[in-house]
Amino acid sequence: MRKHPRLIALNVLVVAGAAVMVFPFLWAFVTSISPGAGLSATPQLIPENPSLSAYAELLQRLPFVQIVLNSLILAILTTVFQLATSSLAAYVFSRMPFKGRNAVFAVYLATMMVPLQVLVVPLFVEMKSLGLIDTYLGVLLPGVASAFGVFLLRQAMNSVPTDLDQAATLDGAGHFRIFGLIILPLVRPALATLTVFAFLNSWNSFLWPLIILRTPAMKTLPVALAALQGQYTTQWDIVMAGSVVSVLPMLALYIFTQKYIIQGVAGTGLK
């Protein structure tokens, strides 16, 4: 059957877009296995003398396992806390009417417009007064709640028919049972989407861990990789080796939750 030219053009455009998106990752991997590679040379997709020496050098220069564990534990804890706080707040905004609910929700959403750079100084003063400088708790606390997560889950919960709540109420169920047994199972795609976003944001977080953490062994992966860049010269093969390793957990998480992410984005109307 003859394909329509418009469909062919669309397929070509999609393939070209995918190639543009994949190329930086491919270039980073090729650079990581090319000893002595730099940014000034033209990238070679097939390196002349491929080697894993940059990965070995990375393990020697940094307590890499400890640093990866730091990032992983902080990302997991941040994700768990954001799922808990966001789902509870979203349930309140979606299912528990009270005076001024929409105004409070609008003000809460407005906090997404405030960049972290504006909040760094007051957050640092607050953490210092609590004695949390150079602690994991100091890194974790500012990220336990997410306005985006509340918005995402509220949109998903609004799509669940309230008839289910009313039927459960007639059977004697309270808010906690409705929340845990009815609402949460029906918004799993949105929960999976928030899981990926929360993990991704925490895993890639750079500015706040850079400011709050002082001990080298407590640093997170983005901060440790930035320390590999010298003032005059940088061994980019080692930096790219660390970048490749840092991508792997996010890639695995996305592949595992891909189906739910697509459902969640489609169900909540996010584009």
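The axes of helix H9 (residues 175-186) and helix H10 (residues 188-204) approach to within 5 Å and cross at roughly 70°. Here an axis is a line fitted to C-alpha atoms, for helices over the stretch in contact, and angles run from 0 to 180 degrees between N-to-C directions. H9 and H10 are therefore roughly perpendicular to each other, on a scale in which angles under 35 degrees count as roughly parallel, over 145 as roughly antiparallel, 65 to 115 as roughly perpendicular and the rest as oblique. Leu184, Pro185 and Leu186 of H9 and Arg188, Pro189 and Leu191 of H10 make the contact, contact meaning heavy atoms within 4.5 Å. By class, five nonpolar, no polar and one charged residues take part in the contact of H9 with H10; Ala, Val, Leu, Ile, Met, Phe, Trp, Tyr, Cys and Pro count as nonpolar, Asp, Glu, Lys and Arg as charged, and the others, Gly among them, as polar.

The model is predicted: local features need pLDDT of at least 70 and side-chain atom pairs count only at pLDDT 80 or more, while totals for chains, interfaces and linings use all residues. Residues are numbered from 1 along each chain as its sequence is written, and side-chain values use heavy atoms, with hydrogens and water left out.

The protein contains 13 helices and zero strands, where helices (H or I, at least four residues) and strands (E, at least two) are DSSP runs numbered from the N terminus. The order of elements from the N terminus is accordingly α-α-α-α-α-α-α-α-α-α-α-α-α. The C-alpha trace spans about 70 × 70 × 30 Å along its principal axes. Of the 271 residues, 36% count as buried, with buried meaning under 20% relative accessible area, exposed over 50% and partly exposed in between (1.4 Å probe, protein chains only). Among contacts with a separation of 6 or more, 75% involve residues 24 or more positions apart.

Five aromatic pairs are present in the structure; rings of Phe, Tyr and Trp (its six-membered ring) pair if their centres lie within 6.5 Å, and planes under 30 degrees apart count as stacked, over 60 as edge-to-face and the rest as tilted. The ring centres of phenylalanine 148 and phenylalanine 197 are 5.5 Å apart and the ring planes stand at 50°, so this pair is tilted. Because phenylalanine 148 lies in helix H7 (residues 147-158) and phenylalanine 197 in helix H10, the pair ties together parts that are 49 residues apart in sequence. Phenylalanine 148 is partly exposed, with a relative accessible area of 25%, and phenylalanine 197 is also partly exposed, at 30% relative accessibility. Elsewhere, Phe93, Phe105 and Tyr108 form one aromatic cluster. The charged end of arginine 154 sits over the ring of phenylalanine 105, 4.1 Å from its centre; this assignment requires NZ of Lys or CZ of Arg within 6 Å of the ring centre and within 35 degrees of the ring normal.

Isoleucine 212 is placed in helix H11 (residues 207-212) and is buried, with a relative accessible area of 0%. Leaving aside residues up to four places away in sequence, isoleucine 212 touches Phe124, Met127, Leu132, Ile133, Asp134, Gly138 and Val139. One of these residues, aspartate 134, is found in the loop between helix H5 (116-129) and helix H6 (136-140). The phi angle of aspartate 134 is near 60°, a positive value in a residue other than glycine. The C-alpha atoms of isoleucine 212 and alanine 226 are separated by 15 Å, with the two residues 14 residues apart along the chain.

Isoleucine 46 lies in the loop between helix H1 (5-32) and helix H2 (53-61) and counts as exposed, at 72% relative accessibility. A C-alpha separation of 10.0 Å is found between isoleucine 46 and threonine 31, 15 residues apart along the chain. Glycine 17 is located in helix H1 and is partly exposed, with a relative accessible area of 31%. The C-alpha atoms of glycine 17 and alanine 110, 93 residues apart along the chain, are separated by 33 Å.
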